[in-house]
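Here are a few friendly notes to read alongside the model. Take them one at a time, and find each residue on screen as you go.

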Amino acid sequence: ALLLENLGFLTGEAHLSDSYFYLFFALSMLCYVCVFAFEHIYNKTKIDIVLALILAVFLGCGIFTLLRFRDMEFISDNPLYSSTLSYSQLTINRYIVSLVAFVVSVYALMFVYCKNKITPRRMSFIFIIVMVVCLYCTIYSIITETDSYRELFEEATYSHDIKSFFNNTNMFSGLLLMGMCASVLLNLNKKNALSYVCLFFFFFEILVTTSVLTVIVATVLIFAYFLLEIILSWKKHKHRGYYTLAIYLMIVVGVICLFAYSLDDTLGPISKLFIHVYNEGINLNVGTFSSRTGIWRAALHIVQDDPVHLFLGYGYRISSDVLVNYLIASKASYTSISSTHNGLLQILITYGLVGVGLYLLFFVYFVYACGRLMKEHTRFALLNLLVGLAMLGYSFGESVIFFNDNMQGLLVGLLFYLPAIMRYKNLNKQKNIVSVKATIYSFRSMDDASVIK
C-alpha cells in the first residue's frame, strides 16, 4: 500500500497522467481498506476515534485551503521578475487527492504499527534495510564520483559536490544521517558490532559531503551516543565507569585538538578533508547559515499577509510555488530554492499554525512516551529520545520532519518516532491486561472464601 501511495504522490503532470494517477490512488485506498478489514477481523483492532478526528480536522483544513486559493500576483521593480501564480481546477483536484492519500497513510501507520506488538527482530530488520540503502548509495557515489573524492583529498581547492543519486549533497548527507540513526537504534536491545562499523563509516562519508548542518548534527549524535552508552553501563560497572568516562573525555579533547592541528594544509589527505569541511561549511556558512536566514525571513513574510494563511497556510504543494515566486520577485540570489530549509517553517507556510500545533503535539507525545518508558525500558527510551532529538535538530536547517507530506517524512516518522510510541502503548495495554486479571483473580478468591465459609 505504501508503494502504491508513493506512486500516487508523483503529482507532476510530466510523470503521471490523470488516468494513471487516479488509478494508483484507487488501488492504494483499496489496499488500505483491506489492511483495516484484516486488522479488525484477525487482530481485533478497533478504530482510533481520537486520531481519526484529529486527522479529519487536519484534512478538512487542508482541503479548504486548496479550494479557496485564488490567483496570486508577485510584483517586482523589474518586470522580468514579476509573475502570476495560478492553478487549474484539475491540478487542485490532484493536490486534494494526494493530500487524502497522505492523511490515510499516516492513519494507517498509527492504526497498524502502534496497535500491534512489533518484535525487536522485526524492528532491527527495518533498521538494517535503511543501513543497506545508505551503503548502496555510498558505494555508488565512490564508484561514479572518483574524481570528486580525489580532488577532495589531494587538491587545495574543492569545486565538486558529492551527491550520489540525489540532486544535491544535502539530500545525500541527510540519507547518511538516517543511516547513522538506524545504526544507533540497531543497538536498542543489545550491542551490535556491525552497527558501530556502519556508524563510523556513515559519519566519515558525511564529513566527505562537507554539508555543514549534517556534519554538526552527526558529530553531536556520535559523541552523545557514546556518552549515553557510558552512562547506561555505569550501573553494572560503577568503578569502571569513572575510568571509561575519563578516557571518553580525553578522546573528545584529542579529536578537537586533532581537528585544529589538521587545519594546516601542509599535512596529508585527512588534513585536506578537514580544511574543506571548515572552508566549505563552518567558516563560510555560519554567518548566514548558507543564506537560510534570508529564506526563513521570506517564509515568515508570506504568511503574514493574510490571517487565513497564518492559521491554515497556503496548502499542499502550493506553498513551495508561492515561496519560489516570492523569492524571484524579491530578486533573491537563491531563486532555485523551493523549500524553506526548516521543517517547522515548511509546515507553517503549508498548513499554518494549525499544522505546527499538531506536529508539536505529536512530538510532545513522543517525548512523554519516552519519559514513561524510562523506568522499565531505560536503554530503549534514551536511544529513541536521542535519535528523535537529532532528527529534530536536523529539521531546523532542512525541510525534513516526521510525517511531512512526502514519503521521506513518513519514513522518518516510521523509523525514529513511532517505535517509542508503539512500545509505550503496548506497555499500557499489558498493564491493563495484568490489572484485569488481578481483579478477576481477587473476585474469584472472594467467592471461594465465601463458599468455604
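1. A polar contact is a pair of N or O atoms within 3.5 Å, where one must be able to donate a hydrogen and the other to accept it. Keep that cut-off in mind, and remember that this is a predicted model. In Ser 183, a polar side-chain atom lies 2.8 Å from the backbone oxygen of Gly 179.

2. Where does Ser 183 lie? Look in helix H7, which covers residues 169-185. Is Ser 183 buried or exposed? Ser 183 counts as buried, because its relative accessibility is 1%. Setting aside neighbours within four places in sequence, Ser 183 is in contact with Met 131, Ser 195, Cys 198, Leu 199 and Phe 202.

3. Now follow one of those partners, Ser 195. Ser 195 sits in helix H8 (residues 193-209) and counts as buried, with 1% relative accessibility. Its side chain makes a polar contact of 2.9 Å with the side chain of Asn 187. Beyond neighbours within four places in sequence, Ser 195 also touches Met 131, Ser 183 and Leu 186. Between the C-alpha atoms of Ser 195 and Leu 185, which are 10 residues apart along the chain, the separation is 8.8 Å.

4. Finally, see how H7 packs with another helix, H16 (residues 378-395). Their axes come within 10 Å and cross at roughly 170 degrees, so H7 is roughly antiparallel to H16. The contact has 9 nonpolar residues, 3 polar ones and no charged ones. Residues in H7 that take part include Leu 177, Met 178 and Cys 181, while those in H16 include Leu 383, Val 387 and Tyr 394.

Methods. Residues numbered from 1 in each chain as written. Predicted model: local features only at pLDDT ≥ 70, side-chain atom pairs only at ≥ 80, totals over all residues. Heavy atoms only, no water. Helix = DSSP H or I, 4+ residues; strand = E, 2+ residues; numbered from the N terminus. Buried < 20%, exposed > 50% of the residue type's maximum accessible area, 1.4 Å probe, protein only. Contact = heavy atoms within 4.5 Å. Axes fitted to C-alpha atoms, helices over the stretch in contact; angles between N-to-C directions. Parallel < 35°, antiparallel > 145°, perpendicular 65-115°, else oblique. Nonpolar A, V, L, I, M, F, W, Y, C, P; charged D, E, K, R; others polar.
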